[in-house]
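Subject: Structure for you to look at

Hi,

Here is the structure I said I would pass on. Please open it alongside this note; what I found follows below.

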Amino acid sequence: FFRLFFWFIFREDMANRTDPTARTVHGTNPQLLIEKIVRSRIYASPYWKEHCFALTAETIVDKAMNLDYYGGTYGGFRKPTKFLCLVLKCLQIQPDKEIIIEFIKNEDFKYVRVLGAFYLRLVGRPLDVYRYLEPLLNDYRKIRERKQDGKFLISHVDEIVWDLLCKDSLCDVALPRIPKRVHLEDLSLLKERRSALEEDLLDEDEAPEAPEDRAATAGGPALHLSRNAEDEERFPLSIDGRPDRNSDFVRKRPRSPSPS
């Protein structure tokens with residue numbers, strides 16, 4: 001009995017141990033980026049024991065493709081979500097940077113993209129974080145988020161990426177501090193970011209103005225009636241396109257009798 005007990009404890013400890021070939025991140029063990037109490041709940045969760053055991057950098061993508069929501073911990077007992085379990089597994093096995101970039105560039109599975117972005121925010125350098133995460137701000141696809149009370153709500157990929165860039169914690173995980181973008185721009189390490197919406201507004205400003213718009217801008221109505229020389233002589237128009245009050249036709253035009 002004691003042999004079986006110690007073998008089970010040793011096996012569980014080996015399953016939760018960081019890969020010996022993994023490098024330190026921010027001067028510490030990668031798994032320590034998640035707080036101890038959250039790690040303990042992940043290690044005790046059935047999903048971690050049944051589905052995250054013996055996962056590799058090549059097979060973890062299959063589990064990420066089956067995700068249908070993202071979040072941290074939920075419920076009264078603070079159960080970890082599948083998404084958070086896979087984040088810890090990535091910290092444990094430390095996939096290559098090229099694999100994480102492929103996760104981020106994946107346009108078919110949005111939860112794979114979010115998983116790669118979250119992991120890169122934890123372990124990546126500030127320049128890599130801004131370089132690879134900012135393009136995801138143009139991804140407006142809907143995504144399901146599980147809140148701490150266990151309820152689901154609809155969010156969007158760009159909202160999650162914005163939280164990763166601006167907030168100090170997300171999904172019950174404290175995010176490492178990164179310098180503000182304006183400081184990196186002052187050091188000429190990053191170029192000034194231009195939004196896609198700004199480019200659309202510039203295209204609208206540079207578009208040629210229609211004649212009707214020019215007439216409306218000048219203050220006069222846009223006239224579409226054809227006028228010949230006889231009309232010009234009988235009904236002259238002023239500069240703003242309205243009948244000239246000083247013309248003979250306007251002055252001599254009889255007024256209609258007022259109703260009794």
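First, a definition: helices are DSSP runs of H or I with at least four residues, numbered from the N terminus. Keep in mind that this is a predicted model.

**The pocket**

The largest pocket holds about 290 Å³ of space. Its lining has 14 residues. Nearest the centre are Arg23, Lys97, Tyr119, Val123 and Gly124. Helix 7 gives the largest share of the lining, three residues. Helix 6 (97-105) and helix 7 each supply at least two. By type, the lining of the largest pocket has six nonpolar, three polar and five charged residues.

Two packed helices are described by the angle between their axes and the distance between the axes.

*Helix 7 with helix 8.* Helix 7 covers residues 110-123, and helix 8 covers residues 126-133. Their axes lie 8 Å apart, at an angle of about 160°. Angles over 145 degrees count as roughly antiparallel, and helix 7 and helix 8 are therefore roughly antiparallel. The crossing is left-handed. Ala117, Leu120 and Arg121 from helix 7 meet Asp128, Val129, Tyr132 and Leu133 from helix 8. That contact has five nonpolar residues, two charged and no polar.

*Helix 6 with helix 8.* Here the axes come within 11 Å and cross at roughly 30°. That makes helix 6 roughly parallel to helix 8. The crossing of helix 6 and helix 8 is right-handed. On the helix 6 side, the contact residues are Lys97, Ile101 and Ile104. They meet Asp128, Tyr132 and Leu133 in helix 8. The count is four nonpolar, two charged and no polar.

*Helix 8 with helix 9.* Helix 9 spans residues 157-166. The axes of helix 8 and helix 9 come within 11 Å, crossing at roughly 165°. That makes helix 8 roughly antiparallel to helix 9. The crossing of this pair is left-handed. Val129, Tyr130 and Leu133 in helix 8 meet Val161, Leu164 and Leu165 in helix 9. This contact has six nonpolar residues, no polar and no charged.

**Residues to click on**

Best wishes

Notes: Residues numbered from 1 in each chain as written. Predicted model: local features only at pLDDT ≥ 70, side-chain atom pairs only at ≥ 80, totals over all residues. Heavy atoms only, no water. Axes fitted to C-alpha atoms, helices over the stretch in contact; angles between N-to-C directions. Parallel < 35°, antiparallel > 145°, perpendicular 65-115°, else oblique. Left-handed = near helix turned anticlockwise from the far one by under 90°. Contact = heavy atoms within 4.5 Å. Nonpolar A, V, L, I, M, F, W, Y, C, P; charged D, E, K, R; others polar. 1 Å grid on protein atoms, 1.4 Å probe; cavity = no way out; pocket = protein on both sides within 12 Å on 5 of 7 lines; lining within 4 Å. Points joined across faces, edges and corners; volume = space filled by probe spheres on them.
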